[in-house]
Amino acid sequence: MTSTVTPVRSKRSALTKGQLPKYAPYVVLAAALIAGAAVLALIGFNAFGWGILSAILFAVGLVSWSAAVEGSRKAKDKLATCLVVGSFLVALLPLISVIWTVLVNGIPGLINPGFLTSSMNGVTGVFDNRAVEEGAPVLGGIYHALIGTVQITLLATIISVPVGLLTAIYLVEYGHDGRLARAITFFVDVMTGIPSIVAGLFSAAFFFAVVGPGTKTGAVAAVALSVLMIPVVVRSSEEMLKIVPNELREAAYALGVRKWRTILKVVIPTAISGIASGVTLAIARVIGETAPILVTAGFATSINSNVFGGWMASLPTYIYTQILNPTSPANPDPSSQRAWGAALVLIILVMVLNLGSRLIARGFAPKTGR
């Protein structure tokens, strides 16, 4: 019995020799946290500094231990792992901080009665003063801004998607890297990087020249947003159309199918998941724009259902005006509460759109199987 067990034990010890134990990262992490807290206790403790110092001590301790036990090759691997994980955490911290801050400040505004179902029509500083001094509920909501955001974004999508998709089809199927195709690609790349305020000024100047000075409507804002959306739709649709296998096109041509019908019935259905995902991301890209909407649609305190007439509010401009021009300058807390609540709703909309893009991509993806 002894003769059969001893070789197995010796084999296991030989395999694990020269390796750190599995609990080594946890031991080093605990030691780094304790050492970091001790050092900062002497010079002044703060949570952010504690996390940074503990991460540095953890990386130094783990790499040094690995170099002493496993050798330089494994130590370099541990160092690269620490750098990658550390970079990921550093990139994640701002996102977590923003979400936490908006949640903490936005939930009190979101739970106000009528916040999602009422507008700011008739709400004056008297109501905000009463809310602060007497503890009354904060009146006024974002319904008009929510309706305006949906209408402006929907009209911008209706303008952008056909133009962007047809442009991408031309570049992939008909352009063949010609002069016009290269020129279009260049200008699309330039449009991708233009500031949003430039798009707003372009749309405002265009409608001022065509309709008349002082024209501010939701349609003008939608044109400004479409200037920002079209490059995103073009680039995403172009990349999706490029990955469609040429064999599918050639098979359709071999059957005598015309090119336009091949594009309509073969190419687009194959790439529809990526195209739909790109369109959704383009919507998420522009739904939070403030500057172009301020220039083109102005701001309203009441509900405007006509996107082609009258000033119109949106969630970004609502947040901007509530912070910059509180309803009651003497008591700005209610306005700040409304602004944070609107910011939380806007973030939820963007997150829903991003989640929707993933679900759309998965739902429209080509089915695989026998």
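In which helix does Thr296 lie? Thr296 lies in helix H12, residues 291-296. Helices here are DSSP runs of H or I with at least four residues, strands are runs of E with at least two, and both are numbered from the N terminus. The model is predicted: local features need pLDDT of at least 70, side-chain atom pairs count only at pLDDT 80 or more, and totals for chains, interfaces and linings use all residues. Residues are numbered from 1 along each chain as its sequence is written, and side-chain values use heavy atoms, with hydrogens and water left out.

- Thr296 counts as buried because its relative accessibility is 0%. Buried means under 20% relative accessible area, exposed over 50%, and partly exposed in between (1.4 Å probe, protein chains only).
- Leaving aside neighbours within four places in sequence, Thr296 is in contact with Gly200, Ser203, Ala204, Thr215, Lys216, Thr217, Val220, Ala221 and Ala224. Contact means heavy atoms within 4.5 Å.
- Thr149 sits in helix H6. Thr149 is buried, with a relative accessible area of 4%.
- With neighbours within four places in sequence set aside, Thr149 is in contact with Ile287, Ala313, Ser314, Leu315 and Pro316.

**Nonpolar cores**

- The largest nonpolar core has 30 residues. Such a core is a set of buried Ala, Val, Leu, Ile, Met, Phe, Trp, Tyr and Cys residues joined through side-chain atoms within 4.5 Å.
- Ile152, Ile169, Leu225, Met229, Leu241 and Ile275 have the most contacts inside this largest core.
- At least two residues of this core come from each of helix H6 (143-175), helix H9 (218-242) and helix H11 (259-286).
- Another core, of 17 residues, lies apart from the largest one. Ile142, Tyr318, Ala342 and Ala343 are among its members.

- H6 has 33 residues. From first C-alpha to last, H6 reaches 45 Å, close to the 48 Å expected at 1.5 Å a residue. The expected span is 1.5 Å times one less than the number of residues.
- H6 has a kink of about 25° at Ser160, shortly before the proline Pro162. The bend at a residue is the angle between axes fitted to the seven residues ending there and the seven starting there.
- His176 is found in the loop between H6 and H7. His176 has a positive phi of about 50° although it is not a glycine. At 60% relative accessibility, His176 counts as exposed.
- Asp177 lies in the loop between H6 and H7. Phi of Asp177 is near 60°, a positive value in a residue other than glycine. Asp177 is exposed, with a relative accessible area of 55%.

**Val190**

- Val190 is placed in helix H7, residues 179-192. Val190 counts as partly exposed because its relative accessibility is 41%.
- Val190 and Gln322 are 132 residues apart in sequence. In space they are 34 Å apart, C-alpha to C-alpha.

**Largest pocket**

- The largest pocket is lined by 24 residues. The closest to its centre are Gly51, Ala55, Ile56, Gly86 and Leu89.
- On a 1 Å grid over the protein atoms alone, a pocket is an open set of points where a 1.4 Å probe fits, with protein on both sides within 12 Å along at least five of seven lines; lining residues have an atom within 4 Å of a point.
- Helix H2 (24-43), helix H3 (47-69) and helix H4 (72-110) each supply at least two lining residues.
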